[in-house]
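Thanks for asking me to look through this one with you. Here are my notes, point by point, with the structure open beside them.

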Amino acid sequence: MSSLADELAADLDFSDEERDLYHDDEGHSDTMDMETEKETSHTTYTHTHSPTHHDTPAINDTLATNDIRKVSKLLHSKHTQDVLKRIDYFKSQTSGMTRDAGDEDEEYSLIIQANGMTADIDNEIQTVHKFLRDHYAPRFPELESLVLNPLDYARTVRAIGNAMDISKVDLRPILPSATIMVITVTHTTTGGHPMSEEAWQVTEEACAMALGLDAARKKIMGYVESRMSIIAPNLSNVVGSSTAAKLLTAAGGLMAFCKIPSCNVQVLGSSRKTNTGFSSASMERHVGYIYHSETVSAVPHDLRKKVAKILAAKCVLAARIDAQHESTDGEQGRKFREEIDHKIEKMQEAAPHKITKALPIPDEGPKKRRGGRRVRKMKEAYAMTELRAARNRMAFGEAEDEVDFGDETEGLGMAAKQIGKVRASVADQRNKAPKKSWNTSGITSGLASSLSFTPVQGIELIDPTAAAERVKQANEKYFGDGAFSTIKK
């Protein structure tokens, strides 16, 4: 487990010259601005911690300071206290700021300044959390892995204190019951030992510092939220005053929020940490303040990410309009909100019913096909003949005869084994053109005659129907019953 000194040394990577320069300028720290004070607080803290949590005498020997105010100077700095006092003053007075107020307006400048301080307060809370975690580790080293939220950790440390029996400590207002049960069971096997009175005094001051920073942050957020309709009217109309204040607070101000693309706005305020005892399988990934806003929470679960994406894009456009002091009455933000509501209604509409259409009327007549004498000749040329069919057959176990054709050879198949004349190709009767009949009627031609010339009688007048009658009688004699008749000898 790495100590706070190792973490800060890895993050800041200060050189020896920078450390010496800090010690030379330590006496002038009161005149430094807020950013320089925060950097020096990190540097002082880096020098004052040992690389282990479990050796209390070593910690007391190596710590150059046990005063949390020398580590975290933001809350008690003159700049922060002036901002908080001015916030209290303007909250008690009736706001005279108009929608057209610019940077020259005193209250408008205060809102911009206070909104930018929230990011510094968040960083300062993390610094105090590291200090508190490092000092309370000898008492309960497993607690930092069970309570991940810095503010919940500070409240838990203040509630437990130096008590040896945690079961008598009421942690229900701070933590969920599952986490309390895990902490209680873990404390029974912890390797920590009671803290001295001086060490606990330092730890308690660090808890008060973390909670004081959180109270200052809440005061700033409440004030900015109450003035959001003036500082960002279009953004407030799109996503609501509460969510708009959270977005500007997380981004560090209106101008900083305008520089963030919409895909990154969706994840502002996201947290990957879960409480001990709860599964992370049901956690929504890549969601932030916009996903948890009232607009997104009101739609069905399967449409929330799509609506959050649309809402984030409109938030960025509305914030950029506010940054340019255009549409100060919020009219453009209301139009954006109407577009979003219209899209949400379209998403939730039921699918249209399928209309059953009747089948088309089938074509009664035969379809026309292109053809002609040329097509018929081509089909006859490529028709399958007996010769080609014989070439395609082969005798089993016998080698076929081959003929040389240029550089290639062609197999004859069974064509070479045929005896006799090969019948030529037979034209398909269906492809032949119908013969036209020039007869005007179906009666016998007038040139037909019933006279026949025989070598016996010469010219003889015959009856054609009599010969047909004789054939019919012969057929009835032998095949009248549908089978061959037996002739008695």
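1. Cys207 is buried, with a relative accessible area of 0%. Cys315 counts as buried too, at 0% relative accessibility. How many disulfides does a search of the whole structure find? The search comes back with zero. As a reminder, a disulfide is a covalent bond that joins the sulfur atoms of two cysteines. Please keep in mind throughout that this is a predicted model.

2. Next, have a look at the aromatic rings. The structure holds one aromatic pair. Its members are Tyr89 and Phe90, and their arrangement is edge-to-face. The ring centres lie 5.3 Å from each other, with 70° between the planes.

3. Are the two partners buried or exposed? Tyr89 is partly exposed, with a relative accessible area of 49%. Phe90, on the other hand, is buried, at a relative accessible area of 12%.

4. The backbone oxygen of Phe90 is 3.2 Å from a polar atom in the side chain of Arg227. Where does Arg227 lie? You will find Arg227 in the loop between helix H11 (197-226) and helix H12 (228-231). Although in a loop, Arg227 is buried, with a relative accessible area of 10%.

5. Glu107 and Phe90 are 17 residues apart along the chain, and their C-alpha atoms are separated by 7.5 Å. Glu107 belongs to helix H7, which covers residues 106-136. With a relative accessible area of 4%, Glu107 is buried.

6. Now move along to the loop between H18 and H19, where both His325 and Ser327 have their place. Phi of His325 is near 60°, a positive value in a residue other than glycine. Ser327 also has a positive phi without being glycine, with a value near 50°. His325 is partly exposed, its relative accessible area being 39%. Ser327 counts as partly exposed as well, at 25% relative accessibility.

7. Which residues of H19 are buried? They are Gly333, Phe336, Ile340 and Ile344. Viewed down the helix axis, the buried residues of H19 fall within an arc of 75°, so they line one face of the helix. On the other side of H19, you will see Glu338, Glu345 and Lys346, which are exposed.

8. Finally, ask what that buried face of H19 meets. Its buried residues pack against three named helices: H13 (233-239), H17 (294-297) and H18 (304-323).

Note on methods: Residues numbered from 1 in each chain as written. Predicted model: local features only at pLDDT ≥ 70, side-chain atom pairs only at ≥ 80, totals over all residues. Heavy atoms only, no water. Phe/Tyr/Trp six-rings, centres within 6.5 Å; stacked < 30°, edge-to-face > 60°. Buried < 20%, exposed > 50% of the residue type's maximum accessible area, 1.4 Å probe, protein only. Helix = DSSP H or I, 4+ residues; strand = E, 2+ residues; numbered from the N terminus. Arc of directions from axis to C-beta. Contact = heavy atoms within 4.5 Å. Disulfide = S-S within 2.5 Å. Polar contact = N/O pair within 3.5 Å; in protein donor to acceptor, adjacent residues only side chain to side chain.
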